[in-house]
Structure formats: C-alpha cells, structure tokens
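Subject: Structure for you to look at

Hello,

Please find the structure below, with the sequence. My notes on it follow.

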Amino acid sequence: GVNMGGQNVELVSSGDGLYVDQYENGRYIYRGQSPNNYVQFNNELWRIVAKEIDGTYKIIRDEVLPGTMVFDTIGYRSYENNTYCTSLQDNLSCGVYGKVSGTYQSPDGRMSGTVTENSSIADYLNGEYYNGLTEIAKAQIQQHVYYIGPVEYYDQTGNDSISKNIAEEKMNTWTGNIGLVNVSDVLKASTNPACTSVTDQYNQLMDSGTSTCNSNYLVDLPDQTAYWTINNAVWESVDYSNDVWSAAQDEGLAGLARRNARSDDFVGARPVLYLRSNIQFTSGNGTKSQPFQIG
C-alpha cells in the first residue's frame, strides 16, 4: 500500500482505485469511474488526483465553480508584452495560463515569444478565489510548480502518446497557489485502454462520436458541463495560440476538446491545488459519504 496522509491505501492494477503512475516514477494516481479519493477541504468535497513525488497531494474541487468563466478575458493582456499570444494583436485572448521566464513556444517551435502576464483566470483563482478560502485551508496549501506547456494535436502526422503530452506540458512552468488540471491528468485517470493520447481520443470523439477516455472520474460530470485544463491547445497545422484544452461531458460523450480562451459556453473553472506533504488524514476512508478528513 501507499501512505496517504498517515493511512495505508492499497494499490490496484485494475478497476477503480490508486495506481502506480506508469509514466512518472514515484507518483501515485487515482483512476477509474468512482475511486475512493474524496477529501474534505475548505468545507467542501474535493478529489485526490495524485500523491506527487515530493509527497504533496494534488487535489481538484469535486464540482466546477458556479457559473461559467472564460480562460482569458479579451483585452486582459497586451500584445507588446506577450508576443507568443498572436491573437492579442486583434485584441482577443491568449491560451497560456501564467507568465513564464524566457521563451514560450509550441512543441515544434513554429510559434514562439514572450508571456509576461498571467491569464485572467489565473489572477482570479490566485486572488479573489484564494482570498475567499478559510484560513485553515490556506495553511494546508503548498505553493507549487504547475506544468503549463502547450499540448499539441497532431492532425497531420498523428504521432502522439501520453508520454509526449506530459513532455509538452513540462516545457513551461508556473508557480502559484491555485491552478487547473493537466491534460495528462485527465488522460491517465481513465481505465479505458483505448485512451492513449490527446490526439487519438480527440480523433475518436470527432470521427465516430465515441469516448475513449471514459471510465474516468475527471469527466464524470453533469451533461453539458466543461472545465478548463491548464494547457494551451495548439494544432500541428495551424498557427494560432488562443485555444485551451477543456474536459467536458456533452450528450453522453466525455473527453478533451479544444476551446477558444475567450469562450464561456458552458465551460468554467475547477480549481486544483497541492496539499502539504505533512498533512494527516485523521478519519474517513475516501468515499463520498466518508471523505478523508484533514487533521
């Protein structure tokens, strides 16, 4: 088993539960439709996504925040200071979560430039939303690195994999208190063996209208519900940078789709954060009726 906040949680190799992360050594992830990964945080239900290599616990709010929310408000950032975001020339939006040092570029290098300002959603989550948490909750959060690199859809070569998606996410980092889920987190949470990459699942979704990344608590949502990931969506064949991957449930189809950063069409924010490695779960068993309680 694995020490989860002082409790021993057994590892599984099939079905719902806690798995060894086969893509990132020393990391443990919850997978399946209904794993027992509920935790009470900020007087709300959250889900444990992973126990990280550094011992922190990556958690996601069980429900999307009320109301819809754009990823980046039109005109929020200036083109002069954020030259990667080509759409800002037309006073539009940008698909990058937060400011980065150095150059931000698409995986193939076709698009590159500077990103020196946060998105509107990043500023909201780390400002107004964070300030509204209880003082106890704030003390339990570990400021952490988030992987905000662009994940590419290979519409020409089709050469993609989860390992490739992870490497692209890690091309750029942002450090803060509150973030959003990674594309790879959503992919890895599925126990469907056909969920092999963002390109493959998107093609299946678009071509045949079937979900390959279902059996997945991160897309087990009310119908017509979507929430932003933290990763810019770039296309192999197109030169623009204002799209973001989102996780969605729509008329029985669940998976990842690209969405313009200025969109608020039934898409919202589902906060993600890291609990400190020294927190203890003093009671509960991770079920929805008896979530882990932080001591």
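Two residues are in contact when they have heavy atoms within 4.5 Å of each other. Among the contacts in the chain with a separation of 6 or more, 65% are between residues 24 or more positions apart. Please keep in mind that this is a predicted model.

Overall make-up. The chain has 5 helices and 19 strands. Its radius of gyration is 18 Å, close to the 19 Å that the globule rule gives for 295 residues, so the chain is as compact as a globular protein of that length. The C-alpha trace spans about 55 × 45 × 35 Å along its principal axes.

Inside and surface. Of the 295 residues in the chain, 56% are buried. The chain exposes about 11700 Å², and 42% of this comes from carbon and sulfur atoms.

Helix α1 covers residues 120–131, which is 12 residues. From the first C-alpha of α1 to the last is 16 Å, close to the 16 Å expected at 1.5 Å a residue. Which residues of α1 are buried? They are S120, I121, A122, L125, G127, Y129 and Y130. The cover over these buried residues includes one helix, α2 (135–140), along with the strands β6 (44–51), β7 (57–61) and β13 (225–235).

When you open the model, α1 can be found at residues 120–131, and β13, part of its cover, at 225–235.

Regards

How values were computed: Residues numbered from 1 in each chain as written. Predicted model: local features only at pLDDT ≥ 70, side-chain atom pairs only at ≥ 80, totals over all residues. Heavy atoms only, no water. Helix = DSSP H or I, 4+ residues; strand = E, 2+ residues; numbered from the N terminus. Rg over C-alpha atoms; globule rule 2.2 N^0.38 Å. Buried < 20%, exposed > 50% of the residue type's maximum accessible area, 1.4 Å probe, protein only. Areas by Shrake-Rupley, 256 points an atom, 1.4 Å probe, with all protein chains shown as cover. Expected span 1.5 Å × (residues − 1).
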